[in-house]
Amino acid sequence: MYRNIGKIVLSLALPLVLVVVALVAPASAQQSVRLQYRTSAPGATTAQAEPWFQLFNDGTTATPLNQVKIRYYLTGAETYRFACSWAVVGCSTVTGQFVRQSGADQYLEIGFTSGNLAPGANTGDLQLRFYRADWQTFTQSDDYSYGSNTAYTNWDKVTVHVNGQLAWGRPNGTEPTPTPTPTVPPTGSAGVLFDDFTYSGSSDPRLAQRGWTVRSSSGGPGVPGATWSPSAVSFPGGLLTLDSTTNGTAAGTVQTELSTANRKFFEGTYAARVRFSDAPTGGPDGEHVVQTFFTITPLRYNLDPDYGELDFEYLPNGGWGEPSNILYTTSWETYQADPWQAVNTHTEERASFAGWHDLVIQVSGGRIKYYVDGRLFADHGDIYYPETPMWIMFNQWFIDLQAATGTRTYRQQVDWLYYSKNEVVPPADVTGRVASLRAAGTSFTDTVPNP
């Protein structure tokens, strides 16, 4: 780009030369970015490419990071997924997308949502990675931007654009205009679902009319051979009540689930007031029971990259190797059942959560934030951010069966559910909105568009 300007300048009269220099030179003098690269996966073939970057500001003015785009050039048209493993500036501010070029090539474009790079400063480590969507190994040694060096060095096969202008490096292939900086997520709701569960029972026709399904089909999760029973789902006093029972045998085990019928819930705020219990309503205690509030998509095939699941899971008696009470929040990228392989991240607290709790999940801007009673419990993102619309579900099921005699019933209850599409709602505002809906006599509303 600058070579072309030089050719034009040489062909013009001196007065115009002075004008061009006055326009171009100050920007070049004030702002000068430089990129260093290394890799933590130097092999010619790999399951995950791991380019690490440091971006330097060698100029005299600050560079807003939301004006910066970094491009790493790839050979081939495979579908990849991006993730930020760790970054000094915070992975929550780092974005990544793959952009097709002409032919079979593409590039990974890295951006930032916020921050400033001061003169003389650098970003510190940007520890990034990407992998094929089908989890197959691939050759990276033929990628234009790849280098096998495991120590940082200046690297001009990765380009840096500032405010749409090439500021560092040598591009490869076609070079369309860098994608615009992501806009701030909308603050207004694009639809609301609220239900305070005033139903007569699991056979109430309004459940289906309002988009709910009470499960009766067999299958996982839980004890093989167990029954999923609509008759064990009830609504006393306007509370969704899941009563899951076992006598220690698969044939005598009943599990419970209520799910939305439509997969139309994606970004936005999910919230529910849920009562967990530590002990059964009757019979001996000790079963490994799971009490939940979550969102989920179907797994079309093993390691489906479009699978998504966001979980609150309370285990009052432990399980999965845990000896006692534990609350998990888990965000899933994908999994395969046989042999078992889970691709997820989780946060947990080992304590009793018996009683009523306000549970909130905010899904926006590449981050998933989980709140318990207004307290930030977990912050996940990167590859675990959902890609497709989800169902909303509540269920209670048994991981396995303990050697106890007598019938025991565990109870989970839900007071209300609230969802606001495309809107990040603070936990305190959620409870205020629910109170306002109830004060207005609204027991149910659904303005979320169907898919």
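Predicted model: local features only at pLDDT ≥ 70, side-chain atom pairs only at ≥ 80, totals over all residues.
**Helix H4**

I looked up helix H4 first. H4 runs over residues 427-439, 13 residues in total. I get 19 Å from its first C-alpha to its last, close to the 18 Å expected at 1.5 Å a residue.

Next I asked which residues of H4 are buried. They are Pro427, Val430, Val434 and Leu437. They lie on the same side of H4, because the arc they cover around the axis is only 80°. On the face turned away from that buried side I find the exposed residues Ala428 and Ala439.

I then checked what covers the buried residues of H4. The cover includes strands S15 (192-195), S21 (268-276), S26 (355-364), S27 (367-372) and S30 (408-421). After H4 comes glycine 441, with a positive phi near 80°.

**Aromatic pairs**

I counted ring pairs with centres within 6.5 Å. The count comes to 32 aromatic pairs. One that I noted is phenylalanine 53 with tyrosine 72, a tilted pair at 6.4 Å centre to centre and 50° between the planes. This pair links distant parts of the chain: phenylalanine 53 belongs to strand S3 (residues 51-57) and tyrosine 72 to strand S5 (residues 68-74), 19 residues apart. Phenylalanine 53 and tyrosine 72 are both buried.

**Charges over rings**

I recorded two cases. Arginine 38 lies over the face of tryptophan 52, 4.4 Å from the ring centre. Lysine 157 has its charged end over the ring of tyrosine 144, at 5.7 Å from the centre.

Technical notes: Residues numbered from 1 in each chain as written. Heavy atoms only, no water. Helix = DSSP H or I, 4+ residues; strand = E, 2+ residues; numbered from the N terminus. Expected span 1.5 Å × (residues − 1). Buried < 20%, exposed > 50% of the residue type's maximum accessible area, 1.4 Å probe, protein only. Arc of directions from axis to C-beta. Contact = heavy atoms within 4.5 Å. Phe/Tyr/Trp six-rings, centres within 6.5 Å; stacked < 30°, edge-to-face > 60°. Lys NZ or Arg CZ within 6 Å of the ring centre and 35° of its normal.
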